[in-house]
Amino acid sequence: MSVALLEDERLDELHRNGYFIIQNPHKFCFGMDAVLLSGFARVKPKETVIDLGTGTGIIPILLEAKTKGEHFTGLEIQPESADMARRSVRYNHLEDKISIKIGNIKDASEQFGASSFHVVTTNPPYMTAQHGLSNPNESKAIARHEILCSLEDVIRESARLLKPQGRFYMVHRPFRLVEIMVLMRQYKLEPKRMQMVHPFIDKEPNMVLIEGLRGGNPQITIEKPLIVYKEPGVYTDEIYDIYGY
């Protein structure tokens, strides 16, 4: 299908089902964290999924390729990113499986209704608005810093959006793990599964993947660490498998 690319946009291959995604490197491109989240999340047949802060739609597109979920919704606050996501959906002929909506995560449960989804995924901004230097590019700053929504907003709205026993999947930074766990418990999203991601086997983790269960009982499984590189520039077999190479 022919879809127009705007200035500075490019079409990137995803190595899944022949799918491609439209991105603009001057705005924001998806990273490994989104791909790893798509490999960590579990979506069962006939389930509905919403991705909060979907950006250019990478997680819904990858989950549609990897799972048998019934329908995938991406929520994005930046119109330019949402437009790229919608055009990527059209390019891949996924209009019946993926919907891209514009809205604020803070208001997600009002926009979609409480207990509306079986699964929530999110790759939210990692840094607080006060943490480090904000990117001078507004699109990138919004994606990386909690300018338009906080971690609490993300977890609160995820809990409200989920059906009872619905599942929550998030990728974040380990330095905020205590805050994440406290907020998940506060909003009745019981942490059930966690995996640390290490750039090299002898380096400390720089990402954490977390699964929560709405209304679940206390008990968490810690999965074996995921190592990204076996040597500089060479991914481990696990990473190649997640990417689909």
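Residues are called buried under 20% relative accessible area, exposed over 50% and partly exposed in between, with a 1.4 Å probe and protein chains only. The structure described here is a predicted model, in which local features need pLDDT of at least 70 and side-chain atom pairs count only at pLDDT 80 or more, while totals for chains, interfaces and linings use all residues. Residues are numbered from 1 along each chain as its sequence is written, and side-chain values use heavy atoms, with hydrogens and water left out.

Helices (H or I, at least four residues) and strands (E, at least two) are DSSP runs, numbered from the N terminus. H93 lies in the loop between α3 (79-91) and β5 (98-102). Just after α3, H93 adopts a positive phi of about 60 degrees, although it is not a glycine. H93 counts as exposed because its relative accessibility is 54%. K46, in the loop between α1 (32-40) and β3 (48-52), also is not a glycine and has a positive phi of about 75 degrees. With 62% relative accessibility, K46 counts as exposed.

Helix α3 itself has 13 residues, which at 1.5 Å a residue should span 18 Å; its end C-alpha atoms are 18 Å apart, in agreement. The expected span here is 1.5 Å times one less than the number of residues. Its buried residues are S81, A82, M84, A85, R87, S88 and V89. The cover over these residues includes β2 (20-23), α2, β4 (71-76) and β5, where contact means heavy atoms within 4.5 Å.

Attention now turns to the pairing of α1 with α2 (residues 58-66). Their axes are 9 Å apart and meet at an angle of about 35 degrees; axes are lines fitted to C-alpha atoms, for helices over the stretch in contact, and angles run from 0 to 180 degrees between N-to-C directions. On the α1 side the contact is made by A34, V35, L37, S38 and G39, and on the α2 side by I58, I59, L62, L63 and K66. Seven of the contact residues are nonpolar, two polar and one charged.

Among the strands, β6 (residues 117-122) is largely enclosed by the rest of the structure, because five of its six residues are buried. Strands pair if DSSP finds at least two bridges between them. Four bridges join β6 to β3, and the two run parallel; here T121 of β6 stands opposite D51. Five bridges join β6 to β7 (residues 162-172), again in parallel, with V120 partnered by F168 in β7.

Methods: Ala, Val, Leu, Ile, Met, Phe, Trp, Tyr, Cys and Pro count as nonpolar, Asp, Glu, Lys and Arg as charged, and the others, Gly among them, as polar.
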